[in-house]
Amino acid sequence: QGLTPRAADYSLWYQEVIQAAELADQSPVKGCMVIRPTGMALWDALRSALDERIKESGAQNAYFPLFIPVSFLSKEAEHVEGFAKECAVVTHHRLRSTEGGKAVEPDPDAELEEPLIVRPTSETMIWHMFQKWIMSYRDLPLKVNQWANVVRWELRTRPFLRSAEFLWQEGHTAHATREEAVETARQMLDVYADVCRDVLAMPVVKGVKSPTERFAGADDTFTIEALMQNGWALQSGTSHFLGQNFAKAFDVTFSDDANQQQHVWATSWGVSTRLVGALIMSHSDDAGLVLPPAVAPTQAVVVPISPGPDKQPEQHAELMAFVDAQVASMRAAGVRVSIDTRWNVRPGPKFFEYERKGVPLRIEAGPRDMAAGKLVVARRTGGDKFDLPAGEGVGGAIAAELDAMQGALLAAAEARLSDGTRETDSYAEMADALAAAEGAGSGGAGLFLVPWFDDAAAEKSIKDETKATIRCFPLGEQHRAEGRVCFYSGKPATHMALFGRAF
């Protein structure tokens, strides 16, 4: 049975791709997902690429408690306001059997003196610890990162994109100067953009969030925004300049080189398993998952065309020796390759399975191919099958093919972002385009770069009227606002803003 086409129902298609590729499954806990081994392998590949770059930036990995005293959250006013409605709260430390022993309930005698929040983010806990660790300018900068799970009680959930519990990394830094903190926030935004481009083959727009959209407790939120195939935007990572807000809330000061007490300057930054959702929606097609080779757990699969060792043992042994030699060459070239030895499954169903799972290259090898000294290769991205000469050079040839596929997927995504971004000075033009897209069933019409006078009330009105929000003020476009008028109010523009509908 085929998948629902993207054009028919994009949301259902997304769910079906995840199920068919065995990336995740529903859990018995509403709003939470079970990440299956293939889905976890994608996150592991992303984590590995990110972790290397995070460490290169000078940050060290640490781990902080899952539980946070509720009083910590209330120390930073904007922060508590931003997260209060999403927090899960622990009030008791044990259960007891109900009368009759058929169920359990919280033990009234085990109520905690202070309720604990299940971590929605770790700023408050980490800044409590920074207050202990930072004394002098010699202790700065202090940069820590943790890989963890967080809980935000979402009512409307979608696998990888929005769930009550998800995996992420969160970095937190403290600095002696404002300039150094802003530089770090910008540096980590660049790291995220580079990983999206180089690993996920997904271009992004780097920008600053509007005051309405910025992180609770931040002075500025930097963001990377990606454009999905259905014309909707997806916030794919954020890096926050926190100013001195948390330093003042938790009294984190240092003695400077003049022996004067100063509050530190701060950043926090993070990406999550949402990037797996971005990956799915950036490249996959109506046949299933499409994976860029850089992130694919299995980059190539070899399917020997053989009835198995029992029916034609001599021919089978000769074929497998041939296959093993080719696979050894591929592995020596750094290719992540596997051999499908399920002799009780016919080749056709195997090919169908690997197509749905997004394996970049499928390689066939039968007795005739062995005799001809070649392999037959099919790309997941389409096109005719092609032959590759077998032998020592096959590993390099496969690696080169994977590199070409990675580049082609990035080029296609870059073209989609470019073609899907239009510049206009007319609010009516944007509103009409969004209405037309919704009427056609896609719901998104891409991104709109417009001159904008920063006004929270106008921003809300546009959201109410069109469902579009300011995705960011693109970093590379702000010089173009000068001398222009806002496309909505007619006032002198303060920014160039990027609007769009978003997940």
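Me: Hi! Which residues of α6 are buried?
Reply: In α6, the buried residues are Ala 181, Thr 184, Ala 185, Met 188, Leu 189, Val 191, Tyr 192, Ala 193, Val 195 and Cys 196. Buried means under 20% relative accessible area, exposed means over 50%, and partly exposed is in between (1.4 Å probe, protein chains only).

Me: What kind of model is this, and how are residues numbered?
Reply: It is a predicted model, where local features need pLDDT of at least 70 and side-chain atom pairs count only at pLDDT 80 or more, while totals for chains, interfaces and linings use all residues. Residues are numbered from 1 along each chain as its sequence is written, and side-chain values use heavy atoms, with hydrogens and water left out.

Me: Back to α6. How many residues does it have, and how far does it reach?
Reply: Helix α6 covers residues 178–198, so to speak 21 residues, and its first and last C-alpha atoms are 30 Å apart. That is close to the 30 Å expected at 1.5 Å a residue; the expected span is 1.5 Å times one less than the number of residues.

Me: How many helices and strands are there in the protein chain?
Reply: The chain has 14 helices and 25 strands. Both are DSSP runs numbered from the N terminus: helices are H or I with at least four residues, strands are E with at least two.

Me: And what share of the chain is buried?
Reply: 51% of the 503 residues count as buried. The C-alpha trace spans about 80 × 65 × 60 Å along its principal axes.

Me: New topic: how many salt bridges does the structure hold?
Reply: There are 29. A salt bridge here is a side-chain nitrogen of Lys or Arg within 4 Å of a carboxyl oxygen of Asp or Glu.

Me: Show me one. Which side chain does Asp 285 meet?
Reply: Asp 285 meets Arg 380, at 2.7 Å from N to O. Asp 285 sits in the loop between α8 (274–283) and β17 (300–304), and Arg 380 in the loop between β20 (374–379) and β21 (386–389), so the pair ties together parts 95 residues apart in sequence.

Me: Is Arg 380 buried or exposed?
Reply: Arg 380 counts as buried, at 8% relative accessibility, while Asp 285 is partly exposed at 21%.

Me: Where do Glu 353 and Lys 357 lie?
Reply: Both are in helix α10 (residues 347–357), four residues apart, which is about one turn of the helix. Glu 353 is partly exposed at 23%, and Lys 357 is buried at 18%.

Me: What about Lys 467, which residue is its partner?
Reply: Lys 467 pairs with Glu 438, with the closest N and O atoms 2.8 Å apart. Lys 467 is in the loop between α14 and β24 and Glu 438 is in helix α13 (residues 427–439), so this pair ties together parts 29 residues apart in sequence. Lys 467 is exposed at 53%, and Glu 438 is partly exposed at 38%.

Me: Which residues do shared partners join into one network?
Reply: Glu 22, Asp 340, Arg 342, Lys 350, Glu 353 and Lys 357 are linked that way by salt bridges.
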